[in-house]
Amino acid sequence: MSQSTSSRSTWSNRWAFILVTIGSAVGLGNIWKFSYIAGASEGSVGIFVVVYLACVALIGLPLLMAEILIGRRGRGNPVVAMLNTARESGNSPWWALLGWVGIFGALMILSFYSVVSGWMVDYFWHSLVEGVQVGTPEAAVAAYDELMSNPLRLSFWHTIFMILATGVVARGVIGGIETANKIMLPLLFLILVLLTLWGAAVGDMPTALRFMFNLKVEAIKPGVVLDGMGHAFFSLSLGMGAIMAYGSYLDKRTSIGNTCVWIVVAGVFIGLLCGAAIFSLTFGFDLTPDTGPGLMLKTLPLAFTHMPGGRVFATLFFLFVIFAAWTSAISLLEPFVSWLTERYGIRRARAAWATALPVWLLGVAVCLSFNDWSEYRIFDRNLFGVLDHLATRFIMPLSGLAIAIYVGWRLGKVIVVDEIRLKQRAFTLWFNVLRYVVPVGISLVFLYELGGTALLIYVVPAGILLVFFIIKQVLRDWLK
Ligand code: PHE
């Protein structure tokens, strides 16, 4: 099933690849999720932010490089890329299962991601045609609740969003994804910078920054630390085959290390800028960083209502959010679509719409889980909560863990060195972090879900092992 490499298209240049990967990384995770998780860790938001940043650097960056490495070496969709690299390195073809896990995890995320994106399209549309008119916090909450209680309205906007995302994937990687990103990303930066400047002028930026970076070490809770780590995963699109699929279109000459640094810096910068803008507005208008997924939609429209030119800004803001979500959704759909086209030679457009249909259906069920079906619960979670929980808390960390083990321990140094052309010291650092720090770090996220006690039992031996291995490795490399 080895793919011919000559027929496979590549990004038109390195910047195109960086742009689309930033497009995948920056999305609802940075805007909608970041603000409500940060808001929920009241008292230790600074810890959350710092842990998130540390995890992006220590787990996210090395894993991002590993995923791109597999995609580029394997030259195919995640399944084929895993299969090709496993064969080349004499490993079991069963590793291809990892590709499948990513592909289905991505589709699962897309089903609820599209629904939440639909909320943004709804708010965009209303800001555009009638302006935001919510005079009091109660009215803002009521407006959000009204949307949540209406399955038809939720499904309608979810459908519109799915059509947007599928339309781009149907046009193909070079024709669709690259063009869309080239237009969307610069616009997205522009709108965000404007919004942050405006937030600083009208809102309360000092309080927002104090809120985001206030490091109260005494307030540190295990939940916050692990939340920060989990968020690093989601916000960098890791473990879902999305980055692997994009990496497979990357040409041989581009340096993976440099490229990834750009992607991570841009992703973090946009996330922090967004957080600063959102919290600056929140505090400037005396709103509280509420908890739950509704935070952004319950607070921002209120702020927009009370500001001069608020309607224009609200419209621009939601437009920006839709752009960001759109580019992420594209990367969630791409892995399976490229598998269908490469495996069965199905036309891209047909493959894209055929994939979108079941995802859309599941999304409709997610829309219903907020209202008519809200009494159907598993572990006290509606379908939306179950899908989000399963994908981000279990599939992503497990898949990331397996990728770190695969590249760090199974692929063989020859292949790894050949793809990651870093200077000796930088390579040793990256490789060791991937082999030791990443697996242990990810295991912490996963075990946290199993319970605090399991975590404690695990943390102590893992910590000792980690220190031991790092010392051994460093000594070995230096003695060489
Ligand atoms: N990183 C995206 C966001 O922050 C979500 C995503 C996750 C996209 C996994 C692709 C794969 O919104």
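Helix 12 is mostly covered, with 22 of its 29 residues buried. Buried here means under 20% relative accessible area, exposed means over 50%, and partly exposed is in between, with a 1.4 Å probe and protein chains only. Helices are DSSP runs of H or I with at least four residues, numbered from the N terminus.

Before I go on, the basis. This is a predicted model, where local features need pLDDT of at least 70 and side-chain atom pairs count only at pLDDT 80 or more, while totals for chains, interfaces and linings use all residues. Residues are numbered from 1 along each chain as its sequence is written, and side-chain values use heavy atoms, with hydrogens and water left out.

Back to helix 12, residues 256-284. Its end C-alpha atoms are 41 Å apart, which agrees with the 42 Å that its 29 residues should span at 1.5 Å a residue. That expected span is 1.5 Å times one less than the number of residues. Just after the helix, Asp 286 takes a positive phi of about 55 degrees.

Thr 282 counts as buried because its relative accessibility is 1%. A polar atom of its side chain lies 2.5 Å from the backbone oxygen of Ile 278. A polar contact is a pair of N or O atoms within 3.5 Å; within protein, one must be able to donate a hydrogen and the other to accept it, and residues adjacent in sequence count only if both atoms are side-chain atoms. Leaving aside neighbours within four places in sequence, Thr 282 is in contact (heavy atoms within 4.5 Å) with Leu 287, Thr 288, Pro 289 and Thr 299.

Next, the core. The largest nonpolar core has 161 residues, and those with the most contacts inside it are Trp 119, Met 296, Phe 304, Phe 317 and Val 407. Helix 14, residues 310-344, gives the most to this core, with 19 residues. Such a core is a set of buried Ala, Val, Leu, Ile, Met, Phe, Trp, Tyr and Cys residues joined through side-chain atoms within 4.5 Å. Not counting residues up to four places away in sequence, Val 407 touches Ala 66, Leu 69, Ile 70, Val 416, Trp 430, Phe 431 and Leu 434.

Last, the ligand. Which residues come nearest to it? Of the 15 residues around the ligand (a heavy atom within 4 Å), they are Ala 25, Gly 29, Tyr 113, Phe 234 and Ser 237. A polar side-chain atom of Ser 237 lies 3.0 Å from a nitrogen atom of the ligand.

Methods:
Helix = DSSP H or I, 4+ residues; strand = E, 2+ residues; numbered from the N terminus.
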